[in-house]
Amino acid sequence: MELSKNVPTPKFDSCGTEVEVPPFGDSFKVASKPKLGSCETEMEVPISDRLFKKAPKLGSFKLGDSTFYTLIEKYANSGDFRSLEMVFDRMKCEKRVFIEKSFILVFRAYGKARLPEKAIELFERIVGEFQCKRTVKSFISVLNVIVQTGLYRRALDFYADVVNNRNIRPNVLSFNLIIKTMCTLRMVDRAIEVFREMPTWKCDPDVYTYCTLMDGLCKDDRIDEAVILLDEMQIEGCFPVSVTFNVLINGLCKKGDLARVAKLMDNMFLKGCIPNEVTYNTLIHGLCLKGKLEKAVNLLDRMVSNKYVPTDVTYGTIINGFVKRGRATDGVQILFAMQEKGRMANEYVYSALLSGLFKEGKPEEALKIWKEMIEKEVKPNTVAYSAFIDGLCRGGRPDEAKEILSEMIKKGCNPNAYTYCSLMKGYFKSGDSNKAILLWKEMATSGITCNEICYSVLIHGLCQDGKLKEAMMVWKHMLGKGFVPDAVAYSSMIHGLCNAGSVDQGLRLFNEMLYRGSDSQPDVIAFNIVLSASCKVDRVSLAIDLLNTMLDRSVDPDTITCNIFLKTLDEKANPSQDAEDFLDKLVLQLYKRQRIVGASRIIEVMLQTFLYPKFSTWEMIIRELCQPKKVQGAINKCWSDLFF
């Protein structure tokens, strides 16, 4: 049909409504005259009739059906849901045939837009409104949208409703999705039940099914069951791939079972599965967790020789491992090796090295790392600045640290409570408590929220400086804010009160500490404070009771504990028992509680002070240390060392 250059020829759509066809463009608005039938209301048609008149035939489709599908694809890709609804309305008016793949395009669009409920709503409309048959393809598309949005419980409900009420048979993809969802929700037992139901649906699990279930079992700390599943999948004719072994290796590495990792690696090679980058990264991470840093470096070299490129995370893991083991200098060497390979370290790697070097008493090396970080144009973040400030304060240079804090603020990097805590510790350590208090006030005016650690630092510093009244004021302020004091705050206050002669008040605070939460439970330092205070005021029987409480709470005595009692017994004119007998009985008490390490430590103290345990006591401890299980554990450790 020819169109006039000036006046468009009147056209009628399939609903009998006269429409105005513009000379140019593919979209226009049409005002429908009210009439009975399916096209009673005014609607906006987003497409021109010319497209449908000239559209070619596509299979069994009517003239123009392919154009409708193309438009649906276009609007779905662009997320234009309003235009999609108008296309669907026009198709209904023209009694077009709806095909399922059109709806799958829309489901995917709803997934990208994170609109899972819209996808479910359209799924419900497919049969009744659009007269289109739903299959498992639509089911999987919608289920995937719900899972990707993170609505896992909703996904379970949708799955149960469709499988039980919609006469749609699930396939392996739908099973994989629902098993993954259940594992994410830590419903591993239910996931296993669904896995066992697959044969009743005449559906065989694939590699992905097994990997998903293995991963769920590993995360639920059920490694043995996951390994058994590896054997089962091979019996069933489903052969593992590298990903399968990676899942198990990761689980065993996190558990620290490197001996079984070695066996699994042998099995992996036998099955013809070549380790990939994930395998190497996982093994390196596992070795670093166990402190086998040289083995991790050797594995890194093997990884490079096999043409795999280590990631920043790989290098960062090894560097962090060296720092945690007190070997930050070796971590610096890994940094240099990393740079030689053309890899750039990020601010977190530099932060770890700075912190480690300062803690090891190597401030000059730490300053070099800081300068290199700036030269490499790696922008320090709050963690890096805080590590640098903390290191300077540890080295007795709080004024320099304060300058770094000012620089940090000028460059738009906001300090946090931990940054200020480090600086306050530095000033308290240098004996300048006034500057520490000024920092506390500055932090409050800066709008930084103080936490329990800030209060603990302030209380500890004030008590050490002999400012008990000020510490009490801070203590009351902390309680008024609803904060629960931690073990450091309690120990500091108890120590301050006892030193000031208020032993009974200190003991009352200690008893309160006993009934607090886990973060406030007394450690060996807190016990030593009250033990020393009790002995100084000649309340030895109370000290003995406190020692028994200490043992009952699984807190092992240390050298200071022993020295407190040795000094007390030595100063008494007529002690009820001698020091040797006292420590020997303490060893027996620890032995009865199966605290062999603690008992061994007391024996070391006895030998250092030329006191000797009884032969029977000595024999019991030696026999316990040489039990077959412990020997076997040492042998297993040796095998693990040999493999790696």
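Asn246 touches Met268, Asn276, Val278 and Thr279, if residues up to four places away in sequence are left out, where contact means heavy atoms within 4.5 Å. Asn246 is found in helix H12 (residues 242-255), and helices here are DSSP runs of H or I with at least four residues, numbered from the N terminus. With a relative accessible area of 7%, Asn246 is buried; buried means under 20% relative accessible area, exposed means over 50%, and partly exposed is in between, with a 1.4 Å probe and protein chains only.

The model is predicted, so that local features need pLDDT of at least 70 and side-chain atom pairs count only at pLDDT 80 or more, while totals for chains, interfaces and linings use all residues. Residues are numbered from 1 along each chain as its sequence is written, and side-chain values use heavy atoms, with hydrogens and water left out.

We can turn next to the packing of helices. Helix H5 (residues 116-128) and helix H6 (residues 136-149) pack at an angle of about 165 degrees, with their axes 9 Å apart, the axes being lines fitted to C-alpha atoms over the stretch in contact and the angles running from 0 to 180 degrees between N-to-C directions. That makes H5 roughly antiparallel to H6, because angles over 145 degrees count as roughly antiparallel, those under 35 as roughly parallel, those from 65 to 115 as roughly perpendicular, and the rest as oblique. On the H5 side the contact is made by Pro116, Ala119, Ile120, Phe123 and Ile126, and on the H6 side by Ser138, Phe139, Val142, Val145, Ile146 and Thr149. These residues divide into nine nonpolar, two polar and no charged, where Ala, Val, Leu, Ile, Met, Phe, Trp, Tyr, Cys and Pro count as nonpolar, Asp, Glu, Lys and Arg as charged, and the others, Gly among them, as polar.

Helix H6 also meets helix H4 (residues 100-112), and the axes of H4 and H6 come within 9 Å and cross at roughly 5 degrees. That makes H4 roughly parallel to H6. Here Glu100, Ile104, Phe107, Tyr110 and Gly111 of H4 are in contact with Lys137, Ser138, Ser141, Val142 and Val145 of H6, and the residues of this contact divide into five nonpolar, three polar and two charged.

Charged side chains give another view of the structure. Side chains of opposite charge can pair when their charged atoms come close. A salt bridge is counted when a side-chain nitrogen of Lys or Arg is within 4 Å of a carboxyl oxygen of Asp or Glu, and by this rule the count comes to 35 salt bridges. In one of them the side chains of Glu129 and Lys92 meet at 2.8 Å, N to O. Because Glu129 lies in the loop between H5 and H6 and Lys92 in helix H3 (residues 81-93), the pair ties together parts that are 37 residues apart in sequence. Glu129 is partly exposed, with a relative accessible area of 33%, and Lys92 is partly exposed as well, with 29%. Both belong to a network of salt bridges that links Glu85, Asp89, Lys92, Arg125 and Glu129.

A further salt bridge joins the side chains of Asp220 and Arg186 (3.2 Å, N to O). Asp220 lies in the loop between helix H10 (207-219) and helix H11 (223-235), and Arg186 in the loop between helix H8 (172-184) and helix H9 (188-197), so the pair ties together parts that are 34 residues apart in sequence.

Notes:
Helices (H or I, at least four residues) and strands (E, at least two) are DSSP runs, numbered from the N terminus.
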